[in-house]
Amino acid sequence: MRTARRTALAGALFGVLALTLGACGGESGPVDDGTYSALQAGAPAVLAERGIALVSPDRPAAAAPRDVVDALGEERLFAAELSLVPNPVQDAVLALDPTQVAGLLFLVGNATETDADGDSEGGRYVVLGFADLDSAILFAQSEPTIFHDADLEEDRSAYFSGTLVSYYAPEGTNDATERFQAALEALAG
């Protein structure tokens with residue numbers, strides 16, 4: 001009787017083991033080495049749902065403000081590093097409070113520049129540089145209000161490229177969308 005039970009138990013265990021290995025195909029699962037978070041894996045789909053253009057999911061991995069200023073300059077778009085502390089001129093254009101943005105390293109844009117008509121040359125734009133990809137993804141997915149002006153906010157486009165999250169809004173007859181996108185693509189390399 002004991003032999004029959006042992007045989008039945010061994011058969012059942014072998015069957016469960018065979019089903020388990022068969023269902024897995026004998027392959028090991030993905031290895032989490034810490035270089036690619038679950039947030040990063042799901043980012044392209046979530047960003048697309050929110051209407052954020054994906055320039056690159058992971059590049060640049062790091063950028064300096066000067067890199068962004070230079071890339072925009074190559075496309076004939078004036079830009080300067082903006083303040084991370086309250087600034088009345090900048091704050092009149094940007095609804096964003098940089099002191100409340102986790103992981104934000106720098107802001108570059110033209111929020112403080114206007115022509116004689118009060119418009120900015122080429123529209124309004126701001127590029128936010130983050131310390132890491134996850135901070136950039138979380139910020140972009142939060143769908144923040146960027147511009148105080150309702151028309152600019154309604155017309156703005158959002159772009160994600162590695163550690164950069166960028167916003168562009170044409171202003172008046174000034175539409176430099178293609179030049180702005182070209183600068184972001186150059187930064188993504």
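1. Let's start with a side-chain pair: glutamine 40 makes a polar contact with aspartate 134, side chain to side chain, at 3.1 Å. A polar contact here is a pair of N or O atoms within 3.5 Å; within protein, one must be able to donate a hydrogen and the other to accept it, and residues adjacent in sequence count only if both atoms are side-chain atoms. Glutamine 40 sits in helix α2 and is buried, with a relative accessible area of 11%. Buried means under 20% relative accessible area, exposed over 50%, and partly exposed in between (1.4 Å probe, protein chains only).

2. A word on the source: this is a predicted model, in which local features need pLDDT of at least 70 and side-chain atom pairs count only at pLDDT 80 or more, while totals for chains, interfaces and linings use all residues. Residues are numbered from 1 along each chain as its sequence is written, and side-chain values use heavy atoms, with hydrogens and water left out.

3. Now the overall layout. The protein has seven helices and six strands, and from the N terminus on they run α-α-β-α-β-α-β-β-α-α-β-β-α. Helices (H or I, at least four residues) and strands (E, at least two) are DSSP runs, numbered from the N terminus. Of the 189 residues, 37% are buried.

4. How do α2 and α5 pack? Their axes are 10 Å apart and meet at an angle of about 30 degrees. Axes are lines fitted to C-alpha atoms, for helices over the stretch in contact, and angles run from 0 to 180 degrees between N-to-C directions. The two helices are therefore roughly parallel to each other; angles under 35 degrees count as roughly parallel, over 145 as roughly antiparallel, 65 to 115 as roughly perpendicular and the rest as oblique. On the α2 side the contact is made by Leu39, Gln40, Ala43, Val46 and Leu47, and on the α5 side by Leu133, Asp134, Ile137, Leu138, Ala140 and Gln141. Contact means heavy atoms within 4.5 Å.

5. Leucine 47, also in α2, is worth a look. At 1% relative accessibility, leucine 47 counts as buried. Beyond residues up to four places away in sequence, leucine 47 touches Ile52, Leu54, Ala140, Gln141 and Phe160.

6. Helix α5 itself is mostly covered, with seven of its nine residues buried. The cover includes α2, β1 (52-56), β4, β5 and β6. At its N-terminal end, α5 is capped by aspartate 132, which has a side-chain oxygen 3.2 Å from the backbone nitrogen of aspartate 134. Just after α5, glutamate 143 takes a positive phi of about 50 degrees.

7. Finally, the cores. A nonpolar core is a set of buried Ala, Val, Leu, Ile, Met, Phe, Trp, Tyr and Cys residues joined through side-chain atoms within 4.5 Å. The largest one has 26 residues, and Leu128, Phe139 and Tyr167 have the most contacts inside it. Two or more residues each come from α2 (38-49), β3 (104-109), β4 (124-130), α5 (133-141), β5 (157-161) and β6 (164-169), and α5 gives the largest share, four residues. Apart from this core lies another, of 19 residues, including Tyr125 and Ala176. Leaving aside neighbours within four places in sequence, phenylalanine 139 is in contact with Leu96, Val101, Leu128, Phe130, Pro144, Ile146, Val165 and Tyr167.
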